[in-house]
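Visitor: I would like to go through this structure by question and answer, with the cut-offs given where they matter.
Guide: Go ahead once it is on display.

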Amino acid sequence: MKTKTRSLLTALAALLAAAGALAQPQPPDPAREKRIAWWREARFGMFIHWGLYAIPAGEWKGQAIPGIGEWIMNRAKIPVREYELLARQFNPVKFNADEWVKLAKAAGQKYIVITSKHHDGFAMYHSRVSRYNIVDATPFGRDVTKELAEACRREGIRLCFYYSQVQDWHHPDGVGNTWDYDESKQNFARYFNELAKPQVREILTQYGPLGEIWFDTPRNISREDSLELVNLVHTLQPACLVNGRVGNDVGDYRSMGDNQIPVKVLDYDWETPVTLNDTWGYKKDDHNWKSTQTLIRQLVDVVSKNGNYLLNVGPTAEGVIPQPSVDRLLEVGRWLKVNGEAVYGAKPSPFPYEFEWGSVTSRPGRLYLHISEWPRGGEFALYGVGGKVRRAYLLARREAALKFTQGRRGGRDELRLQLPSQPPDKDVSVVALELEGEASFERGLIQQPDGKVTLSCAFADLAGAPKLSVDLRGVATRWFDPGQELRWDSTIYEPGAYEVALLSSEARSSFAGADWEGGHLVKVTVAGQAIEGKVEDQGRLVNARNPRWRDVRSVIGQVRIAKPGRATLSLSALKVQSEKKLGFSLRAVQLVPVAGK
Ligand code: FHN
């Protein structure tokens, strides 16, 4: 085909695709596949939120300001002229780029994403477009970004930049500052053309090859503007990724909400940013550090669902990464030295659902069981592996083969492993299973060896619930309407009496904290029996994967399963309370065997 004809056809195809006229799914874009290969291998990155907000560190004029630290300008409505003065104090004399990059490396993180400009509008690099930057406006006068870029190159870590493309509380035409500027007089295009795009161009041309540009809070950015940013990045650095928060679904991968880990395996590339405590930018009063076990559990769980884990540190105004962050990162790094094979470049779990004991990752011919709840006596069972296991061992003791049995019992494929009575790792121990040939896996919802049947809303049939949507954490959100019905099919192996427990989720905002609403009346039908009950707070449980949103457990009654096999469970709300405007936020239904019945 003549080159001219081919390019005409390509242009036509692009036009049709843009208009949504081409059939889905699209074949993978080879340029994107190439760009994203390193990132799929990396799985774990360091996020750094660092800026002028580290000086007030959560306190303004003697008052503790609630919420995340880097939002202090907004939360305390600090006038631009006052906030700007912080630059004159910014002198992070303890900053050492090599130390930060070496920390990321020791933690096992393969890329660093640092705030080149956050919503406060202050550039943490030497910008020629605006003098409101770390070199021109502070006594420190050093381009920390350049120093980090050099340190990253020395250590083989990919450097990436965060850039707030829409919110800019400093610029008169940026979005978000309603206390200094009259929104009705703002001209976003002027900000976008005169500051945002030129600065994105600067960060892409001044610091060598970058791993990605991490945009944030797209708000109502137009598709045209999102595409312009993507094209700018890909034109200047074709190998540089763009995250999903560029807006309008035109990034190279999807970004989850802050601290949100999806409940099931997703068949696309995604990443979740996570805080080590409750803030991104440094806040002196925030001591709510996640435990090392939570961090490792989250990391492996993210990988088990096909994602990347971007873990944040918020350095102080002196340029120091807080010690509790350092300690935890080093512990995660020590864990990865032993277990990295089950994380870097690992593929997701073949089972679409979650396990209470931990998570599963895989490689061709291999499964990794990341066990965080060690079974009593070391007896561990897994249902649903339909293929022969050749060898089983702990990654911490590779030479010692574990004893196991495999067989088909009671209608299920059953693997029983004999583990040592004590776990080799106090946080998460990994069992590797080498599989012979092509294995098949039971992907439907099944009763687990502990007897529980967990039915997450993420796997519910929503045909009878047209007014509900289920978010990626698996929560049926904004359930205000009675008459919506969810249904699940599952396989139950053991007849007997079961308690029907509902797990509903707390709602949470960075500023208002956690809240929950109960009192709803629900009806559950299973195996021909119908029970009704009230959703009441009978205890709050920490969900290790998403500790920011606790579950509220409510037992609404008991049912008896007479015979093993497929069972359909349906749940409908007869009455929904909504005084607090939260409604019913169901996450899962559980059938829990009643002892001795
Ligand atoms: O508003 C920002 C917030 O300050 C922080 O940068 C996080 C990190 O993902 N992103 C935005 C909120 O989602």
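Visitor: Is Met 124 buried or exposed?
Guide: This is a predicted model, and in it Met 124 sits in the loop between strand 4 and helix 6 (144–155). Its relative accessible area is 2%. Buried means under 20%, so Met 124 is classed as buried.

Visitor: How far apart in space are Met 124 and Asp 425, C-alpha to C-alpha?
Guide: Along the sequence, 301 residues separate Met 124 and Asp 425. Between their C-alpha atoms the distance in space is 40 Å.

Visitor: Which side chain does Lys 117 join in a polar contact of 2.7 Å?
Guide: Lys 117 belongs to strand 4 (residues 111–117). Its relative accessible area is 0%, so Lys 117 is buried. The polar contact of 2.7 Å links its side chain to that of Asp 168.

Visitor: How far is a polar side-chain atom of His 118 from an oxygen atom of the ligand?
Guide: The side chain of His 49 has an N or O atom 2.7 Å from a ligand oxygen. For Asp 258, a side-chain N or O atom is likewise 2.7 Å from an oxygen atom of the ligand. For the polar side-chain atom of His 118, the distance to a ligand oxygen is 2.8 Å.

Visitor: What percentage of the area that the ligand exposes when taken alone does the protein bury?
Guide: The reference is the ligand taken alone, which exposes 320 Å². Of that area, the share buried by the protein is 90%.

Visitor: Which strand gives the largest share of the lining of the second largest pocket?
Guide: This pocket holds about 990 Å³ of space. Strand 13 (379–383), strand 21 (453–456), strand 31 (551–561) and strand 33 (586–593) each supply at least two residues of its lining. The largest share is four residues, and it comes from strand 33.

Visitor: How many charged residues are in the lining of the second largest pocket?
Guide: The lining has 36 residues, and Phe 355, Glu 356, Trp 357, Asp 450 and Lys 452 lie nearest the centre of the pocket. By class, 18 lining residues are nonpolar and five are polar. The number of charged residues is 13.

Visitor: Is Lys 77 buried, partly exposed or exposed?
Guide: Lys 77 lies in the loop between helix 3 (72–75) and helix 4 (80–83). Although it is not a glycine, Lys 77 has a positive phi of about 50°. Its relative accessibility is 41%.

Visitor: What distance separates the C-alpha atoms of Glu 212 and Val 233?
Guide: Glu 212 is in strand 6 (residues 212–215) and counts as buried, at 0% relative accessibility. Val 233 is 21 residues apart from Glu 212 along the chain. The C-alpha separation of Glu 212 and Val 233 is 8.7 Å.

Visitor: Which residue has its backbone nitrogen reached by the side chain of Asn 546?
Guide: Asn 546 falls in the loop between strand 30 (540–541) and strand 31. With a relative accessible area of 3%, Asn 546 is buried. At 2.8 Å, its side chain reaches the backbone nitrogen of Ile 261.

Visitor: How far apart in space are Val 300 and Gly 539, C-alpha to C-alpha?
Guide: Val 300 is part of helix 9 (residues 292–304). At 2% relative accessibility, Val 300 counts as buried. Val 300 and Gly 539 are 239 residues apart in sequence, and their C-alpha distance in space is 27 Å.

Technical notes
Residues are numbered from 1 along each chain as its sequence is written. This is a predicted model: local features need pLDDT of at least 70, side-chain atom pairs count only at pLDDT 80 or more; totals for chains, interfaces and linings use all residues. Side-chain values use heavy atoms; hydrogens and water are left out. A polar contact is a pair of N or O atoms within 3.5 Å; within protein, one must be able to donate a hydrogen and the other to accept it, and residues adjacent in sequence count only if both atoms are side-chain atoms. Accessible areas come from the Shrake-Rupley method with a 1.4 Å probe; for residues, only the protein chains shown count as cover. On a 1 Å grid over the protein atoms alone, a cavity is a set of points where a 1.4 Å probe fits but cannot get out, and a pocket is an open set with protein on both sides within 12 Å along at least five of seven lines; lining residues have an atom within 4 Å of a point. Grid points are joined across faces, edges and corners, and a volume is the space filled by probe spheres set on the points. Ala, Val, Leu, Ile, Met, Phe, Trp, Tyr, Cys and Pro count as nonpolar, Asp, Glu, Lys and Arg as charged, and the others, Gly among them, as polar. Buried means under 20% relative accessible area, exposed over 50%, partly exposed in between (1.4 Å probe, protein chains only).
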